[in-house]
Amino acid sequence: MADILTYVLHYEGEFNKNSLGAVSEGAARASEIGGECHAVVVGGDDLTDELCQSLGAYGATKVFRAEGPEGLAQPVIDVMAKVIDENGQSYALFGGGLLGFEIGAGLAARKRAGVTMEVINVRAEDGKLVAERPILQDSKISVSRYQGDLGIIIGRINAFETVSRDGGAAEVIDVDVEYSEWSNQAKMVQRGEQRGADVDIEGADILVAGGRGLGKPEGFELAEALAAAFGGNSAVAATRAVVDAGWYPYAAQIGQTGKTVAPKLYLAAGISGAIQHKVGMQSSENIVAINKDANAPIFEFSDLGIVGDLNKILPKLTEAIKAKKGG
Amino acid sequence: MKICVLVKEVPDAAVEKRIDPSTGRLDRSGEKNLNPYDTHAIEAAMQLREGGAVEVDEIVAVTMGPESAVRALHKAVSLGADRSLHLTDPVLAGSDVAATGYALSRALQKEQPDLVLLGQQSDDGECYTIGAVVADHLKMPSLTQVIKMDVQDGGLRCERQAEYGYDTVQVSLPAVISVGDAINEPRYPSLKAIMGARKKPLETVAVGDVGIEASEVGEEGSRVQCGDFHEPEAKPPGQIIEDEDTDETVEKIVAWLEERKLI
C-alpha cells in the first residue's frame, strides 16, 4: 500500500486549479504504485460535504476535512502530520503555489522527510515515486528519489494537469486536530485583497508585458501605446516585481501567484525572464522579448529576441504598427 | 529585540553554474557572493532598528557553509549586522533542505532570537522552503515572501501576495519571516563599513557545539537523493537581433510579425 496525500486549497467555496491538478496527478500515480489518492482540506463552513465529495471527480477516494484557519500554512502542517500518523500515506503531493511550498517544507521538518520543490514531472519506478525538477535556471533536470516512510513532492505551478475522471463521490472524514501553539500565532487579518484596477489579460490574443526594465511606473505608457497600436484583442500585462512595487495592477500580473496566459503573441518589454514569470507565459504561441541585457534568461525561450533600449525601440515599433494598420 | 538574519553564500550570478559530475552537487567553486535576497533581509532588520517602533539590541548574521562562507558574513556585517555566527563542519556537506533547516535551527536555538529574517529564496537553489523548515523546528510562527512588515500590537503586521491577492497577516513574536525583494532597496555599504567588517566578532561553531545530531545531517541524514542529471528537452533557440539602427530593427520586427500574421 502506498497512498498519496494531497493538500487542496480553496477560496470562497471553490477549489484551486493547481490543487485539483495535484489531486489528478496523485490519483494517476497512486494507481501505478498500488495505492489511493487522498486529500486534506482545512477551512470553515464553506467546506460542505458536497464540495468535499466532488474531489472524487478528480480521483480522490478520501477527503480529510479539518476545521481551521484558511490561507495559512502552519495549521495545515498540523492536520497533514496527524492524517499521515494515523493513515500512513507514503507521499505528500502539492500543486504549485506559495502555500504548497510552506506546508511541504514544514511537513518535511515535522516528519523528517525528504522534500523536492519546483517538480515538473512525477513518475513511478519500482513501486516508488520519483520526482523530476529543473535546476540551474532550467538548464538541467535533477531526479529525486526518497528514503524513509514519507516523500514530499511540491509541484511547479501549472505542472500538473487537472483531469476529470469517472470517480464517484469521495468519502469525507472529519479530523479533529489540536493545533500547535505556534500555528495559532499567525492570524489572517485580510485575505485576497485586490490592488489596482481590474483588467482582463487572460482573454487577450496579444499581450504586451512590462517588467522592471521599463524603469519607472510611467514606462508602462510605452507598453500601453504599443498594445493600443495592435488594437483588437490586446492588453498590457506585468511582472510580479512591478506589481509589488505598485507600478501596475495586480490583476495584470503573470506568473507564480498571478495569471497564466497563452496568447498568440507575448511581447515582453524589460522582463528578465525569471522562472516565476516563465511558468505563467511559456505556452504563448509566439514570444518576442526586448531587453538591454543580452544575458537575460528570457532570450533562452523567446522566438525573437531584441537586445536594445526599449525606450528607443517601443515608440518606433508603435508608430510602425500603427502605419501598417492604417495602410 | 534580538534579530538573527540567515544568510547564504551563492555563486555569483555572472559565473556559470554547473553540477560537479563527481559528487552530483552544485559546483560551489568560482566567484561567490552574498545571496542577493539576503541583503533585503538585512536591510529589513536595519529598518526595524532605525524605525524606532521597537528597540533592536542586536542583529546577528548566521550562516551554514564551508570556510569560504565567511565572506558572506563579512558582507552581511558591512551591511549592518553587529556580529556573526558561522556553523561549519565537514559532516554538514551534502545536507538536503530538511537537514539544512534542522542544523540552522539548532544554531539559532543557541542565540534565542526574537525574530529570524531571511531572503525568500536563494540564487542557487531557488527554494522558498528553508524558513518553513526552521520555523517548525523552533516552534515559531512563520511567513514567507513578505513584502511589507510593520511593528504593531507587540508583533509584526505582514503583507504578501498569495494565491488570491494580497494577504495581511498579524504574526506574534518570536517568528521566522522570509522577505521578498519588493520589501526594500538595500543600502550600499560604506567603505568604512566594508573595512571594519573583519573586525566585528565572528564565532565559529561545529555540529557538536550546538547539539546537532550528526546522523541527521549531511548526505547520511538526508532523505532525498538527487541524481540522474540530464538536459531538458530544449526549444530551438530563437532569432536574436542586436539593435544598432533602431529603424532597421523595427522593420525586422514588423516583418517577423507579419510573417506570422500577428499584425
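Which residues of helix 2 of chain B are buried? The views below start there, in a predicted model where local features need pLDDT of at least 70, side-chain atom pairs count only at pLDDT 80 or more, and totals for chains, interfaces and linings use all residues. Residues are numbered from 1 along each chain as its sequence is written, while chains are lettered from A and ligands numbered from 1 in the order in which they are written.

**View 1. Helix 2 of chain B is mostly covered.** Helices (H or I, at least four residues) and strands (E, at least two) are DSSP runs, numbered from the N terminus. In this one, residues 70-78, seven of nine are buried (20 or more other C-beta atoms, placed from the backbone, within 10 Å of a residue's own). They're B:Ala72, B:Leu73, B:His74, B:Lys75, B:Ala76, B:Val77 and B:Ser78. After the helix comes B:Gly80, with a positive phi near 140°.

**View 2. B:Ala69 sits in the loop between strand 6 (58-64) and helix 2 of chain B.** B:Ala69 counts as buried because 21 other C-beta atoms lie within 10 Å. Leaving out residues up to four places away in sequence, B:Ala69 touches B:Glu9, B:Thr63, B:His86 and B:Thr88 (contact means C-beta atoms, placed from the backbone, within 7 Å). B:Val10 is 59 residues away along the chain, with 8.8 Å between the two C-alpha atoms.

**View 3. Strand 18 (residues 304-307) of chain A pairs with strand 15 of chain B.** The two run in the parallel sense over four bridges; pairing takes at least two DSSP bridges. Here A:Gly305 has B:Ile240 as its bridge partner.

Technical notes. A residue is buried if 20 or more other C-beta atoms lie within 10 Å of its own, exposed if 12 or fewer, and partly exposed in between; C-beta atoms are placed from the backbone. Two residues are in contact if their C-beta atoms, placed from the backbone, lie within 7 Å.
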